[in-house]
Amino acid sequence: MKIAIIDYGAGNIQSIKFAFARLGLKAELTSDVETIKTAEKVIFPGVGEASSAMHKLKQSGLDLIIPELTQPVLGICLGMQLMCEYTEEGDTKGLGIFHTKVKKFNHGVKVPQIGWNQITELKSELYRDIPEKAYIYLVHSFYAPLCKDTIAVSDYGLSYSSALQWRNFYGVQFHPEKSSTVGAKILKNFIDL
Amino acid sequence: MLTKRIIPCLDIKDGRTVKGVNFMELRDAGDPVELAARYADEGADELVFLDISATEEKRKTLARLVYHVAEKVNIPFTVGGGISSVQDVDVLLKNGADKVSINSSAVKNPDLINELVAKFGSQCIVVAIDAKQVDGEWKVHLVGGKVPTDVELFSWAKEVEERGAGEILFTSMDHDGTKNGFANEALARLSSERNIPIIASGGAGKVQHFTDTFIAGKADAALAASVFHYKEMEISDLKRELKNQGIPVRI
């Protein structure tokens with residue numbers, strides 16, 4: 001199994017590599033277009049600020065490559081947000097894969113949301129053997145509203161998309177690599193797609 | 001819904017756990033990686049590693065430790081102790097730390113908070129504040145609570161948030177080590193005034209203290225060291241009891 005983690009200089013990816021290693025899988029960190037195109041599974045990570053991350057993607061031309069990929073792609077956290085049409089963070093145009101616009105939490109809750117929340121209304125092979133209301137770890141100030149691509153819902157003063165899917169593209173707002181055994185199972189399910 | 005977090009803290013000296021105890025099942029009670037994995041298995045929501053060693057060599061030792069923890073442990077962890085530059089933070093995050101906490105260095109040079117936030121994002125910058133009451137006013141203390149300052153707790157917390165920190169870890173030096181409960185009055189004020197999560201620290205002795213700090217203290221998370229190290233309380237038992245008392249926790 002060839003797994004590529006897209007390297008565009010956005011944030012800490014060491015723990016994603018380790019999460020795959022714990023599953024007995026080797027994930028390669030790469031910015032090489034051919035390696036990414038030919039991988040069987042692609043991980044699109046991201047930590048940090050949206051506009052500077054998008055700027056880095058554009059510099060390497062990956063903003064045009066990612067939407068054309070045909071194998072399963074998993075965006076994590078900021079990666080998922082960048083796969084949406086737009087994000088309020090830094091007034092940034094996204095890759096336009098998921099049909100929603102990312103907004104800032106702004107309704108009397110603490111920001112960022114940090115900690116363990118639950119996922120419900122699970123609709124995907126990604127959640128095979130994962131029960132409703134399973135706990136996952138999140139750190140984020142911006143969120144994707146509910147939309148037709150929603151495949152998991154979390155609640156933080158309002159209901160929002162904690163995961164999205166459109167065709168071969170998947171995105172999770174939470175950090176599966178830090179979400180204990182539940183997260184490990186979700187990564188395994190993604191690899192088994 | 002978002003749950004309240006239970007965070008064991010491991011004190012690290014020269015790459016080893018101090019205050020380590022007789023965990024019969026552990027091959028090596030002083031091995032932070034093994035202890036961290038054990039806490040994670042028991043249901044800890046996050047971990048904090050506080051480096052209290054003071055040698056020049058400690059950075060390398062700490063970075064190596066962080067790498068091995070990240071390799072083994074599947075929950076988030078924060079590293080703190082003696083961090084004073086962008087470079088320090090970069091090394092720790094690259095080795096797999098999820099967050100770092102800064103304390104004295106932020107008081108001495110508040111711009112450090114802005115610099116770190118700009119480079120790494122709010123989500124991984126925790127500002128730890130040690131304070132105690134002096135003539136009825138909460139004053140920030142440095143160097144593990146040893147050195148008093150004129151900085152007032154609540155105004156400092158406000159500044160910390162404005163400068164972009166993602167979380168505040170508040171330790172009451174008046175409560176730390178007493179096992180008589182957390183500083184809930186100060187915590188409640190911090191939590192109400194600020195719009196970032198507040199981690200309560202100092203004073204955990206029994207289950208009721210955690211319940212109190214989540215309800216009366218409005219804390220988002222609670223940190224403790226000795227009650228877990230000395231096995232006075234199992235994390236799994238604590239969380240079950242909290243759940244029975246209606247506190248949202250991950251089980």
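A residue counts as buried when its relative accessible area is under 20%. Keep that cut-off in mind, because Phe77(B), at 0% relative accessibility, counts as buried by it. What you're looking at is a predicted model.

**Aromatic pairs**

- Over all chains, the count of aromatic pairs comes to 13.
- One of them joins Phe105(A) and Tyr143(A), and this pair is stacked: the ring centres are 4.9 Å apart, with 15° between the planes.
- Phe105(A) sits in the loop between strands S7 (98–104) and S8 (113–119) of chain A, while Tyr143(A) belongs to strand S10 (residues 142–143) of chain A, so the pair ties together parts that lie 38 residues apart in sequence.

**An edge-to-face pair in chain B**

- Phe49(B) and Phe77(B) make an edge-to-face pair, 5.6 Å from centre to centre and with 85° between the planes.
- Phe49(B) comes from strand S3 (residues 47–51) of chain B and Phe77(B) from strand S4 (residues 77–80) of chain B, so here the parts tied together are 28 residues apart in sequence.
- Why does Phe49(B) count as buried? Its relative accessible area is 2%, and the cut-off is under 20%, so Phe49(B) makes it.

**Charges over rings**

- Arg189(B) places its charged end over the ring of Phe154(B), 3.7 Å from the ring's centre.
- Arg250(B) lies over the face of Trp116(A), 3.6 Å from the ring centre.

**Two helices in chain B**

- Helix H6 (residues 153–162) and helix H7 (residues 184–193) of chain B pack at an angle of about 30°, and their axes are 11 Å apart.
- Which way does the pair cross, left-handed or right-handed? The crossing of H6(B) and H7(B) is right-handed.
- On the H6(B) side, the meeting residues are Leu153(B), Phe154(B) and Ala157(B); H7(B) brings Ala186(B), Arg189(B), Leu190(B) and Glu193(B).
- Sorted by class, that contact between H6(B) and H7(B) has five nonpolar residues, two charged ones and no polar ones.
- Several residues of H7(B) are buried, including Ala186(B), Leu187(B), Ala188(B) and Leu190(B).
- What covers the buried residues of H7(B)? The cover includes H6, helix H8 (207–215) and strands S7 (137–142), S9 (167–172) and S10 (198–201) of chain B.

Terms used
Residues numbered from 1 in each chain as written. Chains lettered and ligands numbered in written order. Predicted model: local features only at pLDDT ≥ 70, side-chain atom pairs only at ≥ 80, totals over all residues. Heavy atoms only, no water. Axes fitted to C-alpha atoms, helices over the stretch in contact; angles between N-to-C directions. Helix = DSSP H or I, 4+ residues; strand = E, 2+ residues; numbered from the N terminus. Left-handed = near helix turned anticlockwise from the far one by under 90°. Contact = heavy atoms within 4.5 Å. Nonpolar A, V, L, I, M, F, W, Y, C, P; charged D, E, K, R; others polar. Phe/Tyr/Trp six-rings, centres within 6.5 Å; stacked < 30°, edge-to-face > 60°. Buried < 20%, exposed > 50% of the residue type's maximum accessible area, 1.4 Å probe, protein only. Lys NZ or Arg CZ within 6 Å of the ring centre and 35° of its normal.
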